[in-house]
Amino acid sequence: MGAFSSSGTTDELGPDEDPGGGPPGCSADPGSPAGEDGVPGEPPGSELLAALLDGMDAALCAFDAAGTVTHWNREAERVLGWTAQEAVGRAGFAGWAVRRADADEVRARLMSAMDAPGRQVHEFALLRKDGGRVLVRTQSAGVRGADGRPAGVYCAFSEVHARIDLERAIALSEALLEDVSWGVVLLDVDLRPTVVNAYAARALGGGRAALLGRPLGELVVQGAEELEAALHHVLAEGAPTAPAELWVTLRTAEGERRRCWRSGFLRLASPLTEEPVPLGVGWLFRDVTAAKLAEQEADRLRFRASQLHRAARTASECEDPMEAATTLLDFALAGFADHVLVDLVAGDPTAGGRLVRTAGTPSDGPGPCLPVAGGSIPVRYGPGHPALQAVERTGSVRTSAGAGASGGPAWATERRWPGDAAHALCTVLRSRGRTVGALTFLRAANRAAFERPDAAYAETVAARVAGAVDLARVTAGT
């Protein structure tokens with residue numbers, strides 16, 4: 001912001017007070033130059049007022065009652081190119097800052113503010129020093145002397161496109177913070193929310209005001225560390241080049257729920273300083289959980305279909321039907337379970353539960369499904385065992401170990417399963433309308449429990465395994 005003429009009394013600036021009888025910062029003699037150190041006898045506040053006016057972000061000029069320019073700050077110099085020495089003392093804008101054809105109209109519109117109440121807003125074209133034209137928007141108001149009579153006009157102006165850009169920025173920020181179709185959260189440098197829009201409040205499970213100032217760890221059960229790491233990175237390095245997908249677990253009134261948020265980040269810095277001063281982070285996100293789950297399910301189905309196709313082609317090359325059955329299970333285990341057990345019927349399973357362990361994977365670690373040596377002894381399954389239930393219902397049974405003392409290795413050992421088993425899926429083996437056994441898939445505790453889509457896949461595998469087992473018995477003459 002630049003220099004401007006000052007003389008006389010410059011204690012106060014306002015439309016209603018001017019002890020000097022002229023525009024703010026101006027005496028009755030607007031053309032008198034001000035010394036570098038001010039006019040002798042000036043009030044101590046004149047230099048402060050001069051600095052304040054010179055440091056304004058808006059371009060400022062002032063006229064006395066006769067229309068002579070008395071003030072011209074550095075922003076006005078930046079916009080139009082005319083220095084304070086060139087502007088102060090001129091009679092209006094005619095011939096230098098305005099075309100002569102437009103000078104009378106511009107003067108009339110500006111000076112009309114001297115007798116009108118409040119502020120007046122106008123738009124008109126001014127001339128730059130280099131001859132170019134610039135469209136400005138002005139806000140002008142009258143200045144009255146100590147006797148209450150009109151003493152001049154002060155006028156603040158800015159380029160119209162800059163004003164429009166500012167209005168657009170304000171409109172955009174207000175629109176983003178309303179109920180739009182994505183979440184917007186502004187966080188301070190301590191990563192505490194300061195502004196939360198309606199979408200984000202719903203996603204985080206709280207009211208807009210209730211979420212302000214709370215640490216993210218109170219809102220996010222799992223995933224808060226990853227989110228805070230991303231925010232710290234933005235503060236230190238700037239915004240990432242692409243959106244990030246973050247999985248979080250939220251604590252809600254209905255319990256914990258896992259969500260996926262596609263997030264973008266912006267580092268906020270103050271535009272009022274020469275060096276960027278971080279104000280915090282802008283976080284924009286959308287809940288894409290449904291889309292991600294659908295994508296994962298589609299990938300899972302494609303993989304399983306590919307595995308079944310490969311298993312069928314490999315099994316068709318096996319001369320021994322039981323080898324074909326175990327080959328099918330080796331392909332089915334990939335990405336699906338940690339263990340598999342094949343129990344075949346040796347009599348009526350409903351009378352004493354006579355299921356014989358025929359094949360399975362190693363109990364002490366991963367490995368292929370192989371026939372059990374000497375597999376002619378019935379498995380000692382107790383009443384209500386999931387494998388017996390699957391045979392009895394001719395369907396599938398899913399179960400998992402409970403938390404606490406009721407779970408763990410004791411739970412698996414009691415059911416004659418490997419000690420690391422925590423989730424089980426038992427399904428019946430049927431061929432030619434007869435039950436030939438039960439098939440059990442097991443997962444360790446670090447994996448999710450079996451779900452309905454898993455049961456459908458297991459039943460598809462069981463149908464193929466049952467056909468191979470039935471063929472093995474027929475060819476063996478049993």
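1. Helices (H or I, at least four residues) and strands (E, at least two) are DSSP runs, numbered from the N terminus. This is a predicted model, in which local features need pLDDT of at least 70 and side-chain atom pairs count only at pLDDT 80 or more, while totals for chains, interfaces and linings use all residues. Residues are numbered from 1 along each chain as its sequence is written, and side-chain values use heavy atoms, with hydrogens and water left out.

2. An open sheet is formed by 5 strands in the order 2-1-5-4-3, with antiparallel pairing, where two strands pair if DSSP finds at least two bridges between them. Its edges are strand 2 (69-72) and strand 3 (119-127), each of which pairs on one side only, and from one strand to the next the twist averages 25 degrees. Within this sheet, strand 4 (residues 133-144) pairs with strand 5 (residues 150-159) in the antiparallel sense over 9 bridges, and Arg137 has Ser158 in strand 5 as its bridge partner.

3. Lying across strand 1 (59-64), strand 3, strand 4 and strand 5 is helix 4 (residues 100-111), which runs at about 155 degrees to strand 3. For such angles, axes are lines fitted to C-alpha atoms, for helices over the stretch in contact, and the values run from 0 to 180 degrees between N-to-C directions; contact means heavy atoms within 4.5 Å.

4. Gln120 belongs to strand 3 and is buried, with a relative accessible area of 19%; buried means under 20% relative accessible area, exposed over 50%, and partly exposed in between (1.4 Å probe, protein chains only). The side chains of Gln120 and Ser112 are joined by a polar contact of 3.0 Å, a term for a pair of N or O atoms within 3.5 Å of which, within protein, one must be able to donate a hydrogen and the other to accept it, residues adjacent in sequence counting only if both atoms are side-chain atoms. Not counting residues up to four places away in sequence, Gln120 touches Arg109, Ser112, Ala113, Thr138, Gln139 and Ser140.

5. Strand 6 (residues 183-187) and strand 7 (residues 193-196) pair in the antiparallel sense over 3 bridges, with Val185 opposite Val196 in strand 7. Their hairpin has 5 residues between the strands, and there Leu191 takes a positive phi near 65 degrees.

6. Arg416 has a positive phi of about 65 degrees and is found in the loop between helix 12 (409-414) and strand 16 (421-431), where it is partly exposed at a relative accessible area of 32%. Arg432, with a positive phi of about 55 degrees, is found in the loop between strand 16 and strand 17 (434-444) and counts as exposed at 60% relative accessibility.

7. Helix 9 (residues 289-315) and helix 13 (residues 452-476) pack at an angle of about 5 degrees with their axes 12 Å apart, and they are therefore roughly parallel to each other, a label for angles under 35 degrees, whereas those over 145 count as roughly antiparallel, 65 to 115 as roughly perpendicular and the rest as oblique. Among the residues that meet are Arg304, Gln307 and Leu308 in helix 9 and Tyr457 and Arg464 in helix 13.

8. Tyr457 of helix 13 counts as buried at 8% relative accessibility. Leaving aside neighbours within four places in sequence, Tyr457 is in contact with Arg304, Gln307, Leu308, Ala332 and Phe336.
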